[in-house]
Amino acid sequence: MTLTEVIELVFRWLHIPQVWVQPAVMLAAAVIILFFVLFVVLYLVYGLRRIMGWIQTRIGPNRVGPHGLAQTIADAVKLLTKEDIIPAMADKWPFIAAPIIVFVPAYLVYVVIPFGKGGWVAQDLSIGVLYIAAVLSIPIVGIITAGWASNNKWSLLGAFRAAAQIVSYEVPLVLAMIPPVMLAGSLSLQQIIHAQSGEWLGLFPRWFIATQVVGFLVYMAAALAESNLTPFDIMEAESELVAGYNTEYSGMKFALFFLAEFAGMFTISAVGATLFFGGWLPIHPALSFIPPVIWFLAKTAVIIFVLMWIRSTLPRVRVDQLMSLGWKVLIPIALLNIAWTGFVVLVS
Amino acid sequence: MSKALRKIGAYTCEGFYALYSIAKGLIVTLINLLRGKVTLMYPEARWELPEGYRGFPALPVDPETGQDVCIGCGACARICPTQLIAVEAHMTEDKKRVVDSFVMNAGLCMFCGLCADVCPVGAIIMSDNYELSAFSRDDLIYDRRKLNELGGLRKPEPKPEEPVASGSAEERA
């Protein structure tokens with residue numbers, strides 16, 4: 001039974017005209033995705049704290065609830081009950097709009113994330129990859145707005161750094177997303193996953209990672225920069241900039257920034273899993289009794305773990321090193337990789 | 001031409017070396033992730049104290065006499081660097097010293113252990129107690145009764161014969 005059928009049934013029972021079914025389905029899907037995003041963010045924060053703790057041979061949060069699982073819920077409640085301060089010299093309306101501009105795109109990306117076969121995607125757009133690349137570049141507007149409206153030098157410096165970083169790393173990110181599109185011959189994420197089905201020699205999955213190791217490395221480096229994780233977290237470098245663009249934010253508005261950051265981390269990992277690791281496809285058809293959603297979430301979780309692992313291993317790079325890595329190393333490699341993929345497509 | 005090629009080669013080597021060192025770092029952190037954790041779940045789990053641990057000084061009670069063995073000489077009060085020990089004693093008519101009060105202020109103690117070292121009869125020991133927090137400063141003043149409680153029952157160990165100053169008594173005489 002799909003969501004549409006359930007809502008149709010309920011509406012018939014309540015004698016609501018059938019015209020309203022389609023909007024209601026959309027609204028229901030939006031609410032479900034919103035709650036999924038909230039849930040994912042809560043447990044990503046928990047996971048990050050736990051993994052970083054383990055890597056530092058600490059235990060991490062383990063007091064609130066079993067294994068500390070309720071810790072982030074308590075943190076969220078604390079955050080939402082805090083006083084919401086708008087600095088006297090801040091530009092009020094941009095200051096309020098900025099967190100919304102940052103959060104909405106991070107949430108909108110979930111429209112095309114293919115959680116599973118068929119109906120497990122809110123809307124399988126035929127330009128999915130392009131849509132992701134486009135929507136992911138909107139938050140920078142909000143970040144600049146936040147930095148400018150706060151009327152604080154740390155915020156402004158953080159916002160400038162963020163602009164430089166995100167705009168630079170958008171390029172290798174998108175260039176790394178192109179080879180899977182070339183191999184699949186489609187921009188739709190579901191089509192890209194279908195193109196990765198089947199095995200070589202009946203054993204090895206035909207995921208795009210097989211020919212795209214370099215592309216995946218470039219993607220991961222750009223993903224670290226896009227989701228603001230440590231080797232590239234100069235935009236909020238707490239030892240230099242207090243907290244970067246969100247220095248002046250507190251309460252609900254800060255929560256939105258936080259939410260957007262971790263939602264973005266999940267998105268970028270999910271897209272990575274889709275483009276390079278066959279999305280919801282099982283490793284081998286013999287394992288297809290496990291639901292596709294589980295496969296998808298498991299692959300995403302592995303990529304998220306690797307991101308967190310790198311985050312807790314590497315020190316922060318300097319601003320100029322960050323820029324030269326992006327423009328002088330990642331982009332040429334990504335371009336060469338596209339040429340190599342063209343060769344692969346030509347041969348096969 | 002060959003110069004440019006060499007430059008590109010060096011650049012590529014540097015890139016591979018960077019990848020190699022990142023992988024090395026990742027392996028180190030992975031090993032740490034799987035290692036035992038150093039965190040002690042404090043109120044539930046406790047640290048196993050090593051022998052000779054210096055907690056707050058205490059006056060253990062001799063199980064035979066039911067009293068500590070302090071003779072009120074005041075050596076501890078004199079040697080204490082922060083002067084937190086106050087000993088009061090008086091002489092009885094048959095030339096015996098009686099200890100009137102023995103007070104220590106835990107708020108000043110730096111756990112150096114000099115009082116225990118200097119005590120001629122081994123009345124002071126360094127106890128295992130390190131949980132000395134209190135809600136008021138007055139609670140940090142330990143009188144003789146509290147110090148006895150802290151010390152518990154324990155037979156005083158006879159001090160090894162050790163001359164305070166070098167040279168024998170005959171020589172100095």
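Biologist: Let's start with chain B: what percentage of its 173 residues is buried?
Modeller: Buried residues account for 17% of the 173 residues in chain B. A residue is called buried if 20 or more other C-beta atoms lie within 10 Å of its own, exposed if 12 or fewer, and partly exposed in between, with C-beta atoms placed from the backbone. Keep in mind that this is a predicted model, where local features need pLDDT of at least 70 and side-chain atom pairs count only at pLDDT 80 or more, while totals for chains, interfaces and linings use all residues. Residues are numbered from 1 along each chain as its sequence is written, and chains are lettered from A and ligands numbered from 1 in the order in which they are written.

Biologist: Thanks! How many helices and strands does chain B have?
Modeller: Chain B has five helices and five strands. Here helices (H or I, at least four residues) and strands (E, at least two) are DSSP runs, numbered from the N terminus. Reading from the N terminus, the order in chain B is α-β-α-β-β-α-β-β-α-α.

Biologist: And which strands of chain B form the open sheet?
Modeller: Three strands of chain B do, in the order S2-S3-S5, with antiparallel pairing. Strands count as paired if DSSP finds at least two bridges between them. S2 (85–91) and S5 (141–142) of chain B are the edge strands, each pairing on one side only.

Biologist: Does anything pack on it, I wonder... which helix touches S3 and S5 of chain B?
Modeller: That's helix H4 (residues 144–151) of chain B, which packs on the sheet, and its direction makes about 75 degrees with that of S3(B). Contact means that the C-beta atoms of two residues, placed from the backbone, lie within 7 Å. For the angle, axes are lines fitted to C-alpha atoms, for helices over the stretch in contact, and angles run from 0 to 180 degrees between N-to-C directions.

Biologist: Back to the strands: how many bridges join S2(B) to S3(B)?
Modeller: Seven bridges link S2(B) with S3 (residues 97–105) of chain B, in antiparallel fashion. B:Val87 has B:Phe102 as its bridge partner in S3(B), and B:His90 stands opposite B:Val98. The two strands make a hairpin with five residues between them, and B:Lys95 in the turn has a positive phi of about 55 degrees.

Biologist: How many bridges for S3(B) and S5(B)?
Modeller: Two, again in the antiparallel sense. On that side, B:Met104 faces B:Tyr142 in S5(B).

Biologist: Switching to chain A: what are its domains?
Modeller: Chain A is split into domain 1 (1–81) and domain 2 (85–347), with bounds from an automatic or database domain assignment. The C-alpha centres of these domains of chain A lie 20 Å apart. Their contact draws 16 residues from domain 1 of chain A and 17 residues from domain 2 of chain A.

Biologist: Which helix gives the largest share of the domain 1 side?
Modeller: H2(A), with 13 residues. The domain 1 side that touches domain 2 of chain A divides into 14 nonpolar, two polar and no charged residues. In that count Ala, Val, Leu, Ile, Met, Phe, Trp, Tyr, Cys and Pro are nonpolar, Asp, Glu, Lys and Arg are charged, and the others, Gly among them, are polar.

Biologist: And where chain A meets chain B, how many residues from each?
Modeller: There are 11 residues from chain A and 11 residues from chain B. Helix H2 (21–55) and helix H12 (292–311) of chain A each supply at least two residues of chain A's side.

Biologist: Is H9(A) mostly covered or in the open?
Modeller: Mostly covered, as 10 of its 14 residues are buried. Among them are A:Phe216, A:Tyr219 and A:Glu226. The cover includes H5 (128–136), H7 (153–184) and H11 (251–276) of chain A. Just after H9(A), A:Asn228 takes a positive phi of about 65 degrees.

Biologist: Why does H1(A) lie largely in the open, then?
Modeller: Of the 11 residues of H1 (residues 3–13) of chain A, one is buried, so the helix lies largely in the open.

Biologist: Last one: where is A:Thr57?
Modeller: A:Thr57 sits in the loop between H2 and H3 of chain A, and its phi is near 50 degrees, a positive value in a residue other than glycine. A:Thr57 is partly exposed, with 14 other C-beta atoms within 10 Å.
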